[in-house]
Amino acid sequence: MKFVRSAAIAAMGLSAGLFASAQKPHATADKVDFTAVGTPLAKAPADPEIRAALKQVSVERIKANISHLVDFNNRTTISSTDTDLKPGTGVLAAAEWIKSQFEAYSKECGGCLQVQYDEFVEQPQAGFNNSKPRIIKPTPLRNVYAILKGTDPVASKRIYLVTGHYDTRETDVMNTHDPAPGANDDSSGTAVSMEAARILSKYKFPATIIFVTVAGEEQGLNGSGHLAKLAKEKGWQLEGVLNNDIVGGDTTPGDTLQSKTRIRVFSQGLLPSAPIEQIRAALNIGAENETPSRQLAREVMDVDRTYLATAAPQPLRTTMELRLDRFLRGGDHRSFSEQGFPSIRFTEWRENFDHQHQHVRTENGKEYGDLLKFDDFNYIGQVARLNMAVLGTLAKTPGVPQNVHVVTSNLDNDTILNWEPPVSPVGTPTYQIVWRETSATDWQYSVDASKFPGTTPNSVRLPVSKDNVFFGVRACAGTYCSQAVAPVPAR
């Protein structure tokens, strides 16, 4: 069954907003007090099973995996057509090794992972933005992925996916022989996906989790583009994609502006290619930041508060960036957003561009190149824990409510919300209403929908003006709540 969403909110793409940090309740002195209706949004209680899983993250194993990936010398995607590479080097050798690691994890859990390639041939392509083509002849590509099938026959139709790209590049994107270690971009994200697979495969979840490493990112998001289209064609009920790209926590001597306690989360706003009537409908109600991808980013912030924001000795706090991506750059989450799937990108706080896409060298005492020595493996371990906590939480939720509406037939200061159950829930969900002031980025208040019943079991009437806040509806199974869904006006 395909994932259904309201048309006005499904329009996703690049927003013009600036980045904003997670906002806490009562962050400003003039904040409106809504406590007569709801309660300030507090962090959810930690799940003992998820917390136990996070403790198993091995920084040593992450380092070993990244080191092994670096040893493939140059993982440029187009090296798959080369016949003169040294044995054990190149992108295809890397894919075979990643697959063998997924298969080893599966063996440890009694065959719980379905490990396979998404293998295809990318045809020659034209250049973009006046650049030269990056694929000039038919080129084999391999995405490698492992499926942890959900245990519930209904909820297992829901899918959550984590990915990183294992291909690398040199300064010359067509150079397939000189070293292109890619220790940060993106061995770090690949290692996150692998470590999440190793640990979460030991547990059982109602919904399905897929652990992915893709190729072709540096050539033009080719691998993720193919996989996202495949997911669309097969009708995957893909409710969340977590892309990890450049999460190595670059450590450069003398850089005092890097933060090892922050991670950026980029997500899609309104999609420029969406039908103009959808864009107009979303802009008319100020919903440019209420897209499914932005709601997924808020769910990441919610999970982060529970597990990592105050963790000792090294906390990790998410910063919600109201942009699709960084200037002049792009990532694999875009491929999934363009197919209508909620997706976000994790990226370290401050990148060093001397350590990305560079020919390995030293000039005037400065080192260039994406080298292993610049990775912070403790930081990568924290990013892995955040991904695992988000995946584990979402896989235990009932999924997102459907067809969420706000009634706009009357001029009044109340708000009537109604919705339909998730497509593939776990049991019978309960529902939580969240809201925030229009100037805020993150949810500030919440209330159990049953405390303000409406005209049907799936509706609520709140004494809060819809003109003053943004609302969201979450489906919950116990303490596990889905990402929110923003309401669309209905008369």
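1. Helices (H or I, at least four residues) and strands (E, at least two) are DSSP runs, numbered from the N terminus. By that count, Pro313 falls in the loop between α9 and β9 (317-321). A cis peptide bond, with omega of about 0°, links Ala312 to Pro313.

2. On provenance: this is a predicted model, in which local features need pLDDT of at least 70 and side-chain atom pairs count only at pLDDT 80 or more, while totals for chains, interfaces and linings use all residues. Residues are numbered from 1 along each chain as its sequence is written, and side-chain values use heavy atoms, with hydrogens and water left out.

3. Two further backbone points deserve a look. Asp185 and Asp186 are joined by a cis peptide bond with omega of about 5°; Asp186 sits in the loop between β5 (158-165) and α5 (187-200). Asn73 is not a glycine, yet has a positive phi of about 75°. Asn73 belongs to the loop between α3 and α4.

4. Helix α3 (residues 59-70) and helix α4 (residues 91-108) have axes that come within 11 Å and cross at roughly 150°. Axes here are lines fitted to C-alpha atoms, for helices over the stretch in contact, and angles run from 0 to 180 degrees between N-to-C directions. Angles under 35 degrees count as roughly parallel, over 145 as roughly antiparallel, 65 to 115 as roughly perpendicular and the rest as oblique; α3 and α4 are therefore roughly antiparallel to each other. In their contact (heavy atoms within 4.5 Å), α3 supplies Asn65, His68 and Leu69, and α4 supplies Trp97, Ile98 and Tyr105. Four of the contact residues are nonpolar, two polar and none charged. The classes are: Ala, Val, Leu, Ile, Met, Phe, Trp, Tyr, Cys and Pro nonpolar; Asp, Glu, Lys and Arg charged; the others, Gly among them, polar.

5. Helix α9 (residues 292-307) packs with helix α11 (residues 377-396) at an angle of about 110°, their axes 9 Å apart. The two helices, α9 and α11, are therefore roughly perpendicular to each other. Leu296, Glu299, Val300, Val303, Asp304 and Tyr307 of α9 meet Leu386, Ala389, Val390, Thr393 and Leu394 of α11. This contact of α9 with α11 has eight nonpolar residues, one polar and two charged.

6. The largest pocket holds about 1,100 Å³ of space. On a 1 Å grid over the protein atoms alone, a pocket is an open set of points with protein on both sides within 12 Å along at least five of seven lines, whereas a cavity is a set where a 1.4 Å probe fits but cannot get out; lining residues have an atom within 4 Å of a point. Grid points are joined across faces, edges and corners, and a volume is the space filled by probe spheres set on the points. The lining of the largest pocket has 37 residues, with Asp325, Arg326, Leu328, Arg329 and Gly330 nearest its centre. Elements giving two or more residues are α6 (217-220), α7 (222-233), β8 (262-267) and α10 (333-338); α7 has the largest share, four residues. By class, the lining of the largest pocket is nine nonpolar, ten polar and 18 charged.

7. Four cavities of 30 Å³ or more are found in the whole structure. The second largest cavity has a volume of about 60 Å³. Its lining comprises 13 residues, of which Arg169, Gly182, His357, Gln358 and Asp370 lie nearest the centre.

8. Over residues 400-491 the chain is 0% helix and 46% strand, with the end C-alpha atoms 23 Å apart.
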